[in-house]
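Student: I'd like a close look at a single part of this model, the place where the ligands sit. Could you walk me through it?

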Amino acid sequence: MNPYLVERLRPFGTTIFAEMSALAVSTGAINLGQGFPDTDGPEVVKQAAIDAIAAGFNQYPPGIGIPELRHAIRAHQQRFYGLDFDADTEVLVTAGATEAIAAALLSLCGPGDEVVTFEPYYDSYAACIAMAGAHRRVVTLHPPDYTFAVDELRAAITPRTRAILFNSPHNPTGKVFDADEVQLVADLARAHDLLVITDEVYEHLVFEKTHIPIATLPGMRDRTVTISSGGKTFSFTGWKIGWVCARPELVTAVKTAKQFLTYVNGGPFQYGIAVGLGLGDDYFAGLAADLRDKRDRLCAGLAAVGFDVYRPEGTYFVTAGIAPLGTAEGLEFCRALPHRCGVVAIPNVVFYDDVDAGRSLVRFACCKRAEVLDEACTRLKALRS
Ligand code: PMP
Ligand code: GLN
């Protein structure tokens, strides 16, 4: 134990993504762990950032983000979801969705408050809830369809609940919450007067269903903090341009925390993402279609190896059960996997409070070139011998 680390951060060591990406580098394994594509996004988006640097946009951008990007975010929410936000008072640009999540939790939730979220949950949720001094209450999603017990969700809400932290499309399961489920979350939020902080970074990576932003449901716009980012939508995960859309009081609250975290970031990249958000429908449809093929390829390859494959409805990720391969310990399995067959995966157990629920599940990223996915599946066949 690190004696210097404050108590509230003691449960959090190095993130699994850093650990597993370092393992991929040191072993030369194929990295199907951390979710990032192995090809660049659209050339016009890249060029817009290059042009912005060349044109001298290299000093601090405005605290709330450059107007071009805020207007592009406004237009995107209107175009895809019919949501109206004022680009000056209801949109805030952040250092990725990561900072938006942190700033939302730090500014809206405090000591004594509870935040309800589904597990498995993206790792930064637990850490940011802890940094806010708040307490998490989790409701488990159960494979194969990652459904949840409605009574458990109801029971998780107490008089101390301040917010529901809702992620759809969902990492790591790849679940896209359907209309009934989103409605249920919205109904509970309204009935208990809760805020909803919604993480929609995979909004365009949906294969069969339609993504339903919870802010579009009646009575939800004004109690929802909608968070997304350009990382996945434009295949530039290193750019870290995210955003928040919400009513002015909520945006102002989130901004109060955000301004003391990074203040601003990625000026030239903001120009790039502004161009990306204005791309035609064919771009967004093509992105999802391409990833759907990759999902199918990886699912088929993993099934041929002998994994229990839980086919995702969206996101970069395929979850697989390892029990048929003769082991139930996902963490051990993932730490050994690069040495056994030169592939890196993520153990889902790190995203659970109920470790038994996640113990035997591992996550593979499908956002890689077809030949890389094929090679990984060929290597994984060594597990059968
Ligand atoms: N939320 C989820 C569910 C994620 O998977 C990620 C990882 N990209 C993030 C937030 C963070 O997004 P960003 O890279 O924009 O900070
Ligand atoms: N969102 C990415 C994933 O789930 C990881 C981002 C990170 O490394 N924090 O793989």
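Student: By class, how many nonpolar, polar and charged residues does the shell around ligand 1 have?

Tutor: Before the counts, some ground rules: this is a predicted model, where local features need pLDDT of at least 70 and side-chain atom pairs count only at pLDDT 80 or more, while totals for chains, interfaces and linings use all residues. Residues are numbered from 1 along each chain as its sequence is written, chains are lettered from A and ligands numbered from 1 in the order in which they are written, and side-chain values use heavy atoms, with hydrogens and water left out.

Now your shell: around ligand 1 there are six nonpolar, five polar and three charged residues. In that scheme Ala, Val, Leu, Ile, Met, Phe, Trp, Tyr, Cys and Pro count as nonpolar, Asp, Glu, Lys and Arg as charged, and the others, Gly among them, as polar. The shell has 14 residues, and the closest are Thr 98, Asp 199, Tyr 202, Lys 232 and Lys 240; a residue belongs if one of its heavy atoms lies within 4 Å of the ligand. Helix α4, residues 96–108, gives the most to this shell, with four residues. Helices here are DSSP runs of H or I with at least four residues, strands are E runs of at least two, and both are numbered from the N terminus.

Let's go atom by atom. Asp 199 has a polar side-chain atom 2.5 Å from a nitrogen atom of ligand 1. For a polar contact, the cut-off is a pair of N or O atoms within 3.5 Å. Taken alone, ligand 1 exposes 390 Å², and the protein buries 93% of that; these areas come from the Shrake-Rupley method with a 1.4 Å probe.

Where does ligand 1 sit? The space taken by ligand 1 is the largest pocket. A pocket here is an open set of points on a 1 Å grid over the protein atoms alone, with protein on both sides within 12 Å along at least five of seven lines, and a 1.4 Å probe fits at its points. A molecule sits in one if more than half of its atoms lie within 2 Å of its grid points.

Around ligand 2 you'll find Phe 17, Gln 34, Gly 35, Tyr 122, Asn 171, Tyr 202, Lys 232, Phe 317 and Arg 363. Tyr 202 and Lys 232 are therefore named around both ligands. By class, the shell of ligand 2 has four nonpolar, three polar and two charged residues.

The contacts of ligand 2 bring in the backbone as well. A backbone N or O atom of Gly 35 lies 2.6 Å from an oxygen atom of ligand 2, and a side-chain N or O atom of Gln 34 is 2.6 Å from an oxygen atom of ligand 2. Tyr 122 puts a polar side-chain atom 3.2 Å from a nitrogen atom of ligand 2. On its own ligand 2 has 300 Å² of accessible area, and the protein covers 80% of it.

Notes. A polar contact is a pair of N or O atoms within 3.5 Å; within protein, one must be able to donate a hydrogen and the other to accept it, and residues adjacent in sequence count only if both atoms are side-chain atoms. On a 1 Å grid over the protein atoms alone, a cavity is a set of points where a 1.4 Å probe fits but cannot get out, and a pocket is an open set with protein on both sides within 12 Å along at least five of seven lines; lining residues have an atom within 4 Å of a point.
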